[in-house]
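Subject: Structure for your review

Hello,

Here is the structure for you to look through. My notes on what was found follow below it.

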Amino acid sequence: MTTNNNHTFTIEFDPEFNGRKRAYTGKILHINLTEERFWLDEPADSFYRNLIGGRGFILHYLLSQMPARVDPLGSENLLIFATGLLTGTILPGTGRHAVGAKSPLTGALASSEVGGWWGHELKRAGLDALVIHGQASNPVYLWINKGVVEIRSAQHLWGKLTADTQTQIRDELGDQKIRVAQIGPAGENLVRYASIMHDVNRAAGRSGLGAVMGSKNLKAVAVRGTNFVGIADRGQLKNTLKWITSTYKDSMGWAISYGTPGSVGSNHDAGGTAIRNYLEGEFEGIDELRHENLFPKLITDRDTCSHCAVTCKLVVDYEDRHTKIKGDYGGPEYETIGALGPLCGVGDAVAVAKANELCSAYGLDTISAGGTIAFTMECVEKGLLPDFEFHPKFGDGVALVEAVHAIANREGLGDWMAEGSTRMAARLGEEAQEFIAVARSQELPLHDPRLKNTMGMGYALSATGADHMHNLIDNFANFPESDTCARLQEMGLETPLPLFGISELKVQAFIYETAFKNVLDSSVICHFYPYEYKHLVEALSAARGWTDMTPEEINQIGSRIVTMGRLFLLREGFTHADDRLSSRTNYSLKEGPIAGKTLDEKELAHGIQLYFELMGWDNEGVPSSATLEGLSLLDYAIE
Amino acid sequence: MVRIRVKESLLSSPLKENVPVEKNKRQEITIQVSPNGTVLNTLEHIGISLSRPVVAVINGQSADLGQELKPGDEIYLLPQISGGEQ
């Protein structure tokens, strides 16, 4: 069988799913691109209840079907697209899915959630998840159309930017409603922090999933589905829907008004956004990037995800004498503005928006791109890169845009930068090691651990490297009316908790929050909706009619997924010595709102040991047999 | 006397009638109050209810919402979110 034969596979739909009696299809498709072979998993109900979907499924397949310590860019790595239990239902905030693999940036877990419409469409096409094995010999793309799956040549698409690829796939397949997940040139060029773009303007951004897809010669996965995703207990789900529709205008008012960029100015003013590679406490260019200036200057429209009325996504359609920014690529979010703006010392909003557009067009993670560019700018400032013609400097918006081109195309200095700041520092020597701001080689998100100490502990512990998503947000735990405090109270913790430090109560709160958010990332539900345990139990149990589900079970599922992440780290060769942050978080600022504050190393070490103890792991972070048994994880135990 | 600065859009309830308020073009209000325990206690005392999590910056430094206030303090309440990429 050859690619040119456009080999196809047909999925028989399960009558129970077609009869709308449950929210999962019961089908997980495996495709081996080397052998052009397809097969289906049809897991039992317990699989869905134990792991829910998303990250839970990703870890299951990585632990059970991928050998240990494989090359992340080799044929043995798996690339998994997984919907959640609630993906595709009518519930707002569920237009999401997760993508996972072994990360070429960190060597650890890559698991990134993405909004939009693609996951919704995959389930409507008949699949809960897609597991890609092997490597195609030539560029291909997958076409999943209402239960029929086809491998097609992508030779003519290789090298194209993401918007062009999406247009061409829709045109050649004759359906403008097709949803496309794809890599751009950055993924093809194996940039270690390349993203997988969905609908062109949404990224499974972190940890280099785009490079894994590129290594498999897989340009895109195009999906079209028409099935209706049902629910076991429609009346019960309507209760959750009623809670959302009656409260979201208040609880999500911030997102309705300005989306995440509404927080750029206030995060800066509170010391939460790192400036000039963590070296400064106040940014003189911040006013240009505040939403008060950003919106009238650049934002022309809004966008949203499946079944969500919030429209938190922004659209930048802009043209002046020097710069054109295409609205197809959406607009920058908070993390992106922080990483490409203040972190690089760039206060030019047009340059930041242009760099964001290019990251979407090439398929690059904006956080790691910004972190690596800021690191490079510091190296240039300190004279560590004399042999290159390209010398990006802090504050230079033109150089910022040029750097994105250079990274994606691996040109000159960009070839070094495409490896990420950790590998680049290793090439440059000891002095450069002081300039990196990473955990497990992944650049930190824009939540400065010098302000948010427990978030910093989460960066050090996460199986995905520095990650702000499944984490405790210190300032939310400090605010009595937050959804974080509401959830912690449901678990019996007294709130609010102190803003600073990693107290014993905050470690306990961290455990609850990471478990809860791992279930959100498996469901897969948007974190912006203020779910409490009672809402999540109501929604998840309605999906399949699991009437005896409890908040404690949500906690146990979350702990199971967190522990599977730990098992994956240990299996891939990580040890407790790797549960750390690079030294940049100890850099003490002389001015600004977090002047003199650092993440105390002793407090961090104490917090991590307490975390291990409370999780039932030994003092090296190895889960005990009793813990594994209690979480039904003995099948995944490592030798 | 302490001075609290908060964006009007952050308020989820009207202020008590007897609270003196100054407004500016950035939809911020400035309220002068007497010291009364912590930031949270003071907000409660003057009837401020916030619609979103905030970080308090007191005299230019990020601070715990449970920090005790002293005369002359200037407090800036900054709304926070988490997440959002690309």
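This is a predicted model: local features need pLDDT of at least 70, side-chain atom pairs count only at pLDDT 80 or more; totals for chains, interfaces and linings use all residues.

Across the interface of chain A and chain B, 7 residue pairs are in polar contact, both residues being at pLDDT 80 or more. A polar contact is a pair of N or O atoms within 3.5 Å; within protein, one must be able to donate a hydrogen and the other to accept it, and residues adjacent in sequence count only if both atoms are side-chain atoms.

Residues are numbered from 1 along each chain as its sequence is written, chains are lettered from A and ligands numbered from 1 in the order in which they are written, and side-chain values use heavy atoms, with hydrogens and water left out.

The interface

In total, 52 residues of chain A are in contact (heavy atoms within 4.5 Å) with 25 residues of chain B. The two chains bury about 2900 Å² between them, 54% of it on carbon and sulfur atoms; buried area is the accessible area (1.4 Å probe) that two parts lose on being put together, summed over both.

Helices in chain A

The axes of α3 (residues 54-65) and α25 (residues 551-571) of chain A come within 10 Å and cross at roughly 35°. Helices (H or I, at least four residues) and strands (E, at least two) are DSSP runs, numbered from the N terminus. Axes are lines fitted to C-alpha atoms, for helices over the stretch in contact, and angles run from 0 to 180 degrees between N-to-C directions. On the α3(A) side the residues that meet α25(A) include A:Leu59, A:Leu62 and A:Leu63; among their counterparts in α25(A) are A:Ile561, A:Met564 and A:Phe568.

Salt bridges

Over all chains, the search finds 39 salt bridges. In one of them A:Arg224 pairs with A:Asp175, with the closest N and O atoms 2.9 Å apart. A:Arg224 lies in strand β13 (residues 218-224) of chain A and A:Asp175 in the loop between α5 (162-173) and β10 (179-182), so the pair ties together parts that are 49 residues apart in sequence.

Backbone points to check

A cis peptide bond joins A:Thr495 and A:Pro496, with omega about 5°. A:Pro496 is in the loop between α22 (483-490) and α23 (504-523) of chain A. The bond from A:Ser523 to A:Val524 is also cis, with omega near -10°, and A:Val524 sits in the loop between α23 and α24 (533-544) of chain A. A:Leu190 is not a glycine, yet has a positive phi of about 60°; A:Leu190 lies in the loop between α6 (185-188) and β11 (196-198) of chain A.

Regards

Notes. A salt bridge is a side-chain nitrogen of Lys or Arg within 4 Å of a carboxyl oxygen of Asp or Glu.
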